[in-house]
Structures are given as C-alpha cells and as structure tokens.
Amino acid sequence: MTADNSQNLARLLSEMIHINTVAPPGNEKDLATYIADILRSNGFNPIVQDLGDNRANITCEIGEGDDCRLILNGHLDVVPAEGEWNHEPFSGTVDGDCLFGRGACDMKAGLCCMLQAFIDTAKESNKLRGRLKLVFVADEETSNLGLRSYLSKYNENDRKTAKRNYAVIGEPTELHVCNSHYGVERYWINIHGESAHSSKPELGVNAIVGASSVVESLGAYHKELRTRVTEWGSPSCAVTMIEGGEKQNSIPAHARVFIDRRTVPGERADDVKREVESWIETKTDLKGCRSDVELYFTFASGLLPSTNSFLSEVLGLNSQEKPEVFPAGCEQAIMLAHGYEALVLGPGSIKDAHMPDEKVRIEDLGKAYELYRKIITKILM
C-alpha cells in the first residue's frame with residue numbers, strides 16, 4: 001500500500017473517531033451502522049447484531065469451505081476522554097505524522113486497517129480456500145458484552161463450518177506479534193472501623209486512617225510483585241479508587257480501597273485473591289480496623305502456545321523471531337477459551353491508549369494494512 005493509501009486509511013480512521021463510542025454508554029451501533037454502509041456499498045452483506053441500548057456488533061464473511069476461517073477482530077468502543085487534551089478528542093486531527101483522537105490506537109486504527117484489508121481481499125475472492133470474517137464487537141472496555149454475545153450466537157456455527165478458526169485481534173502492539181496478554185483481578189478492600197463524634201476521635205476507630213495504611217502497604221506489595229520476573233513480564237498492583245466517610249462531623253466507620261491487580265500467564269484467580277487477603281492480614285497495620293477483600297471483576301490472562309503453527313506463520317511474515325506479551329488486558333483469553341487460535345497484532349502503542357492526545361502514526365496504518373493482507377494471503381490463498 002502506498003503512502004497515498006496510508007492517507008486514505010487516515011481519513012477513514014478520522015471518520016471512525018468522529019463517531020463517539022465512549023463506554024458507557026457505548027453507542028457502538030452508530031459505528032457498526034457506518035461500517036455496514038461501507039460494506040454494503042462495496043457489495044457485501046454485513047450483519048449488525050443488535051444488543052439493545054444502541055449497542056451492536058458487526059460481522060461480515062466471504063469465502064467458503066470447511067478447512068479454516070480467519071477472523072479479523074476488534075472492539076468498537078473506547079474509554080472516556082478524560083484529562084487535558086491538546087487536540088479535540090473526537091476530531092481525528094492530523095498533526096505532523098500522527099493522527100490524534102480517542103480510539104486512534106485503541107483500537108479504531110486496527111478496525112480501519114482490517115476493514116480495508118477485508119474489502120480489498122474480496123477482489124480476489126475466487127482465490128480463497130477458506131473463510132475470511134470481520135468480527136467487530138461492542139463493550140470490550142467494560143464487560144465484554146459484545147464478544148460474549150457473538151460467541152453465544154455464532155461460536156457453534158464457526159466450529160461446525162471450519163476445522164480451524166484463527167483470529168487476529170487488532171489491539172495496539174506496535175505491529176509486534178503477541179501470543180499472550182495480561183489478565184486482571186479487581187477488588188474492593190473494605191475497611192471497617194467504629195464511628196464516634198468527631199470531637200471525640202479517640203472513642204472511635206477511623207476507617208479512613210486504616211484505609212490510608214492499606215494504600216501505603218499496597219505500594220510495597222506492588223514493588224514486591226515487580227521482582228517476580230517471568231518470560232511475560234511482571235505482575236502489578238495499583239490503587240485506583242478510594243471511598244470513605246459518612247458525615248463531616250463523624251469518625252468514619254467504613255472506607256474502601258479499589259485495586260487493579262494485573263496477572264501474567266500462569267497466575268490463578270483464586271491464588272491471587274488469597275495472596276491479597278494474606279498481604280492485608282499479615283503485612284498491613286490496619287490501625288485497629290478490620291478488613292475483607294471483595295472481588296469486583298476477574299479476567300484471565302491469555303496464552304497461545306509458542307508451538308502453535310498459525311503463530312509461527314505470522315511471526316515469519318513479520319520477520320519476528322519470537323512472540324511478545326501484550327502488556328494489558330484484551331479479549332484473546334475469551335477467544336482461546338472458545339477454541340479460536342487467537343493472537344494480538346495491531347498498529348499503535350499501548351502507551352498511548354487511554355491517555356490524553358491518544359495517537360497513532362499514519363505510516364503505521366499502511367504497515368498494518370499490508371501485514372493483514374500478508375496474513376490473509378498466507379492463510380487463505
């Protein structure tokens with residue numbers, strides 16, 4: 001694809017960014033409809049899977065045969081555009097060699113490159129010896145409603161109509177092939193004290209004081225986790241929210257601390273929860289308070305074995321010696337659990353995701369398109 005075509009991809013990406021799909025509420029159906037119109041104008045018959053509340057998935061498939069299916073997958077939703085931006089978050093502004101906007105890399109860049117690769121492959125559909133499918137889903141950033149709804153409706157058919165189902169997930173990997181990703185365990189740590197009048201604080205047990213001790217202790221826990229170096233990197237723990245207090249003139253009896261505990265392949269959810277509970281119990285001075293750890297959200301890490309033949313072929317196409325880990329969560333684990341041989345590969349950097357002035361290099365759009373086309377050709381032609 002030429003530099004001019006990279007600019008064409010940038011224009012398409014800018015249009016996608018204009019369509020606000022911040023979740024919640026999502027409104028992914030607006031973007032799904034826009035993509036469906038593009039596909040119909042090119043002679044395709046896409047399916048918009050309505051999920052209610054203006055949320056939707058979009059799928060489209062070409063080819064036939066039961067040998068294999070290659071799925072190009074990504075999510076339609078984006079996170080809120082918080083913080084101080086130098087470029088309007090939903091303008092899709094080009095500045096220098098980068099395009100800015102919420103979703104620029106996470107992951108509407110991947111979507112536009114996959115969409116164009118799908119459209120251009122159809123011009124050679126007579127060469128396909130398998131099936132090529134777009135699966136763009138809602139709600140990846142929150143609770144995976146979109147992918148789970150897709151799998152509930154279509155997974156059985158996918159398994160029946162193709163012996164092997166491959167998937168490329170277009171998350172921002174800087175165009176490095178990743179065979180794994182981090183998982184996450186999120187907890188509320190509830191701190192229980194005893195209330196008293198604020199003029200007599202010694203008569204109560206201040207839950208906020210206990211919570212502050214928990215926050216400090218979890219900083220030490222994070223440092224300890226970072227010493228656990230694995231081939232996939234190190235786990236982590238971050239405090240992301242704190243709540244507490246009932247009234248301005250009362251010693252608070254309740255407070256709570258929210259933590260985001262990232263896991264690497266091989267860590268089990270039950271073990272992680274026991275470890276957090278043990279750390280709070282044995283290594284934290286609760287200042288007279290009691291505590292309990294309440295699970296809020298769990299999402300497994302993903303790992304496609306390094307011996308997988310699909311992975312080996314894609315690594316070869318990318319002139320990459322070995323796979324890397326995607327240092328965040330994504331939906332690979334869900335796809336793996338349902339029998340799809342899924343890897344992660346897309347334009348942009350995770351360092352720019354969820355940040356003010358999120359961006360992607362325009363030249364990387366063209367590179368991603370070319371790489372997706374190479375994968376399609378290798379697997380299906």
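1. **Phe 118.** Phe 118 is buried, at a relative accessible area of 0% (buried is under 20%, exposed over 50%, partly exposed in between, with a 1.4 Å probe and protein chains only). The residue belongs to helix H3, residues 108–121 (helices are DSSP runs of H or I with at least four residues, strands are runs of E with at least two, and both are numbered from the N terminus). Its contacts, leaving out residues up to four places away in sequence, are Leu 39, Phe 44, Cys 60, Glu 61, Ile 62, Leu 132, Lys 133 and Leu 134 (contact means heavy atoms within 4.5 Å). Ala 56 is 62 residues from Phe 118 along the chain, and their C-alpha atoms are 20 Å apart.

2. **Basis of these points.** This is a predicted model: local features need pLDDT of at least 70, side-chain atom pairs count only at pLDDT 80 or more, and totals for chains, interfaces and linings use all residues. Residues are numbered from 1 along each chain as its sequence is written, and side-chain values use heavy atoms, with hydrogens and water left out.

3. **Main core.** The largest nonpolar core holds 62 residues (a nonpolar core is a set of buried Ala, Val, Leu, Ile, Met, Phe, Trp, Tyr and Cys residues joined through side-chain atoms within 4.5 Å). Leu 39, Leu 115 and Val 168 have the most contacts inside this core. Helix H9, residues 362–380, gives the most to this core, with ten residues. In soluble globular proteins, nonpolar side chains tend to be buried together.

4. **Largest pocket.** What volume does the largest pocket have? About 1,200 Å³. The search runs on a 1 Å grid over the protein atoms alone; a pocket is an open set of points where a 1.4 Å probe fits, with protein on both sides within 12 Å along at least five of seven lines, and lining residues have an atom within 4 Å of a point. Grid points are joined across faces, edges and corners, and the volume is the space filled by probe spheres set on the points.

5. **Its lining.** The largest pocket is lined by 38 residues, and Glu 141, Arg 186, Asp 260, Arg 262 and His 354 are the closest to its centre. Strands S9 (183–192), S11 (236–244), S13 (254–263) and S14 (290–299) each give two or more residues to this lining. S11 supplies the largest share, five residues. The lining divides into 21 nonpolar, six polar and eleven charged residues (Ala, Val, Leu, Ile, Met, Phe, Trp, Tyr, Cys and Pro count as nonpolar, Asp, Glu, Lys and Arg as charged, and the others, Gly among them, as polar).

6. **Second largest pocket.** The second largest pocket has about 190 Å³ of space. Its lining residues include Asn 179, Ser 180, Trp 232, Leu 303 and Pro 323. Strands S8 (178–181) and S16 (324–326) give two or more residues to the lining of this pocket. Six lining residues are nonpolar, three polar and three charged.

7. **Pro 265.** Pro 265 sits in the loop between S13 and helix H6 (269–283). Is Pro 265 buried or exposed? Pro 265 is buried, with a relative accessible area of 9%. Neighbours within four places in sequence aside, Pro 265 is in contact with Ser 180, His 181, Trp 232, Ser 301, Gly 302 and Leu 303.

8. **Annotated stretch.** An unreviewed UniProt entry annotates residues 180–283 as "domain: Peptidase M20 dimerisation"; such annotations may be inferred rather than shown by experiment. Over residues 180–283 the chain is 33% helix and 34% strand. The end C-alpha atoms of this stretch are 32 Å apart.

9. **Backbone points to check.** A cis peptide bond joins Ala 23 and Pro 24, with omega about -5 degrees. Pro 24 lies in the loop between helices H1 (3–18) and H2 (28–41). Asp 106 to Met 107 is also cis, with omega near -15 degrees. Asp 53 is not a glycine, yet has a positive phi of about 55 degrees; Asp 53 is exposed, at 73% relative accessible area. Ser 319, also not a glycine, has a positive phi of about 50 degrees. Ser 319 is exposed too, at 71%.
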